[in-house]
Amino acid sequence: METEGARTDRLGLLLDQFDQAREMAQVRLTGLSDEEYLWEPVAGCWSIRRRGEAATPRAFGPGEWVLDKGDPDIPANEYAEVARQAAGGMTVAKIADDWSVSVERVEQILAHTGAPAPDETPVSTIAWRLGHLHSCFAGQWEWTFGERRQEPKLLVDFTPSAALALERFWALIDRWRDSVAAVTDEQLDTVGFSQYPYGSDPDDPFITVLAGANLEFIHHMAEIALLRDLWRARFTSPG
């Protein structure tokens, strides 16, 4: 159903939200330079780095440049998601596997006795945020619409070139959007329509997966927009 050009069906609402977010994000990323893309506003940022220079123990990528990733733990701001997974019927073992942590860690969080994770994702560069988004959407496309066999961490060849990274990213995002637009109502309600292995996709109806993907895109693009604002203001003193 449409009302004055706006779709009001379930898929249409999610597509419209995604389209608006994509349009705003592309405008906000116009003119991104390599220097700004790799800018580290504080010491210890996560970013993309040459394979031999990675500072995090689980950095990944198929080529010369890899995306920082630290030791596994569940950030404190995701405790509510862990509780939601448990309430939805996921076993503690499955939740632990999804987050790559121990069963004991999940049990601590569910019992509200776990201290906030010491290795929460630190401040990151635009390159890291964009690379993280690219990796997530590439993996979800492969394990939903693709052959469902390739390791998600090896799908994106990270690059220090802002222009090349954006070119590749928008191409992937458009492929994702085109594939999603063809999903049927039955597929929206199918549990496990996406088999993306890093998360709860195999246990969720696909409409839930889509809503989560939209939120992932929106919140990381908001963070990138803030980093762009900080870049412009980095040499501006108050007064």
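The dialogue below goes through the cysteines, a helix, the cavities and a pocket of a predicted model.

Student: Why is Cys45 called buried?
Tutor: A residue counts as buried when its relative accessible area is under 20%, and Cys45 has a relative accessible area of 3%, so Cys45 is called buried.

Student: What makes Cys136 buried as well?
Tutor: The relative accessible area of Cys136 is 15%, and since the limit for buried is under 20%, Cys136 is therefore also placed among the buried residues.

Student: Why is Ala43 called exposed?
Tutor: The word exposed is kept for a relative accessible area over 50%, and Ala43 reaches 79%, so the name applies to Ala43. Ala43 is placed in the loop between α2 and β3 (48-50), and its C-alpha atom is separated by 9.9 Å from that of Pro122, although the two residues are 79 residues apart along the chain.

Student: How do you know what span to expect for α7?
Tutor: The expected span is 1.5 Å times one less than the number of residues, and for the 20 residues of α7 this comes to 28 Å. The helix reaches 28 Å from its first C-alpha to its last, close to that expected value.

Student: Which elements do the buried residues of α7 pack against?
Tutor: They pack against α1, α2 (34-37), α6 and α9, and the buried residues of α7 include Phe169, Trp170, Ile173 and Trp176.

Student: What makes the space lined by Tyr37 and Ile48, among others, a cavity?
Tutor: A cavity is a set of points where a 1.4 Å probe fits but cannot get out, and by this rule the count comes to 2 cavities of 30 Å³ or more. The largest cavity, with a volume of about 80 Å³, has Tyr37, Ile48, Leu130 and Phe158 among its lining residues. The elements that give two or more residues to this lining are α6 and α7, and the largest share, 4 residues, comes from α6.

Student: What makes the second largest pocket a pocket and not a cavity, and what lines it?
Tutor: A pocket is an open set of points, whereas from a cavity the probe cannot get out. About 180 Å³ of space lies in the second largest pocket, and its lining includes His134, Trp141, Asp157 and Arg168. The elements giving two or more residues to this lining are α6 (126-142) and α7 (162-181), and by class the lining has 6 nonpolar, 2 polar and 4 charged residues.

Definitions and conventions: Residues are numbered from 1 along each chain as its sequence is written. This is a predicted model: local features need pLDDT of at least 70, side-chain atom pairs count only at pLDDT 80 or more; totals for chains, interfaces and linings use all residues. Side-chain values use heavy atoms; hydrogens and water are left out. On a 1 Å grid over the protein atoms alone, a cavity is a set of points where a 1.4 Å probe fits but cannot get out, and a pocket is an open set with protein on both sides within 12 Å along at least five of seven lines; lining residues have an atom within 4 Å of a point. Grid points are joined across faces, edges and corners, and a volume is the space filled by probe spheres set on the points. Ala, Val, Leu, Ile, Met, Phe, Trp, Tyr, Cys and Pro count as nonpolar, Asp, Glu, Lys and Arg as charged, and the others, Gly among them, as polar. Buried means under 20% relative accessible area, exposed over 50%, partly exposed in between (1.4 Å probe, protein chains only). Contact means heavy atoms within 4.5 Å.
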